[in-house]
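Dear colleague,

Please find the structure below, handed over for your own work. My notes on it follow.

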Amino acid sequence: MSRMGDVLAGFHAAWEFESDSVLIRYERGIRTPRLFQALGERRVPLDAIAGVTLTRGKRGTVVLRVEPRPGADPLMEAAAGQLKDSGDPYRLVLPADREVLAEYYADELRSLLTESESGPADRFLVEPPKGPLSFKAYDGKASFDGRTVNFRWFWTGASSAKWKAGDQSFPVGELNGVEWRSPEVFEGHLRLLRRDESGAGVVAQADQDPAAVVFGLGYGPVHESLPFAAAVLAAVRASSPVAAVSAGGPRRDPADIAERIRHLGELHQAGLVTDEEFSVKKAELLAEL
């Protein structure tokens with residue numbers, strides 16, 4: 001860029017513009033989203049950026065955002081569109097009086113992007129979160145040392161199916177991908193997709209699947225489970241570049257979908273699921289058909 005090393009500071013983060021990348025440093029203040037604090041800082045190469053936008057935000061702010069190329073960032077691939085705007089690591093929220101300055105940097109970035117960099121990336125261009133990583137799910141502890149994912153079940157939360165299967169270890173070479181469902185929605189979980197089972201047959205519910213851990217209130221929070229999922233996804237891709245690594249799971253059997261919608265309806269009638277949660281989750285299940 002024309003002025004290397006320039007820094008644009010906003011709420012919760014500061015962006016440093018360099019000749020070949022944008023270095024994003026996240027604040028560690030008490031009001032900073034915990035995902036940002038967990039990420040610390042991220043270097044985003046210019047060839048990982050598909051576009052730049054500047055829009056009006058809430059309460060006298062403007063929002064500068066870079067749009068990562070599909071497939072360029074393992075964190076965003078694992079998130080699969082489930083992050084709220086407030087937790088989007090590619091948004092920089094600024095006071096409205098910095099709009100002119102933000103527009104300058106947006107134009108500078110756009111001038112450096114090429115059409116060839118707007119399509120899907122054939123490899124991850126943004127570094128994944130560093131390991132080793134671990135977090136506590138509702139039914140077990142998940143850990144990853146860069147080579148193997150381990151699930152250790154909790155007697156207080158794990159289903160009998162998981163206890164019967166025993167603690168699990170999954171070398172990344174045996175995996176095809178990761179399915180992350182945000183803990184902020186109904187039935188959040190982390191599921192490992194195995195190469196020998198990807199796309200085959202009916203997928204068990206996460207609480208019955210020894211290749212999955214279940215989230216819940218206070219368990220598997222976004223700032224712990226999403227970086228974990230991204231690190232595993234990146235390791236799987238690195239172990240077999242030609243593998244079909246994705247954040248989405250195989251499509252479910254229609255009978256399984258119908259059964260899960262019936263169960264969801266029972267929870268709704270019992271008052272355990274709100275009207276909004278019922279509508280959102282039902283739509284998600286129908287979309288999997």
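Of the 289 residues of the protein, what percentage count as buried? The figure is 47%. Please bear in mind that this is a predicted model, so that every value here is computed from its atoms.

Overall composition

The secondary structure comprises 7 helices and 14 strands. Among contacts with a separation of 6 or more, 60% are made by residues 24 or more positions apart. The accessible surface of the protein is about 14,600 Å², and carbon and sulfur atoms hold 52% of that surface.

Strands β8 and β9 (residues 140–144) are joined by 4 bridges, and Lys136 has Lys141 of β9 as its bridge partner.

Salt bridges

The protein has 17 salt bridges. One of them joins the side chains of Arg42 and Asp73, at 2.7 Å from N to O. Arg42 belongs to strand β4 (residues 41–45) and Asp73 to the loop between β6 (61–68) and α2 (74–79), so this pair ties together parts that are 31 residues apart in sequence. Arg42 counts as buried because its relative accessibility is 5%; Asp73, at 1%, counts as buried too.

A salt bridge also links Asp88 to Arg65, with the closest N and O atoms 2.7 Å apart. Asp88 is in the loop between α2 and β7 (91–95), whereas Arg65 is in strand β6, so parts that are 23 residues apart in sequence are tied together. Both Asp88 and Arg65 are buried.

Arg191 and Asp209 meet through their side chains at 2.6 Å, N to O.

Glu27 is placed in the loop between β3 (21–26) and α1 (34–39). With a relative accessible area of 40%, Glu27 is partly exposed, because that value falls between the limits of 20% and 50%. Beyond its neighbours within four places in sequence, Glu27 is in contact with Gly10, His12, Ala13, Thr32 and Gln37. Ala13 is 14 residues from Glu27 in sequence, and their C-alpha atoms are 5.4 Å apart.

With kind regards

Key
Residues numbered from 1 in each chain as written. Predicted model: local features only at pLDDT ≥ 70, side-chain atom pairs only at ≥ 80, totals over all residues. Heavy atoms only, no water. Helix = DSSP H or I, 4+ residues; strand = E, 2+ residues; numbered from the N terminus. Buried < 20%, exposed > 50% of the residue type's maximum accessible area, 1.4 Å probe, protein only. Contact = heavy atoms within 4.5 Å. Pairing = 2+ DSSP bridges. Areas by Shrake-Rupley, 256 points an atom, 1.4 Å probe, with all protein chains shown as cover. Salt bridge = Lys/Arg side-chain N within 4 Å of Asp/Glu carboxyl O.
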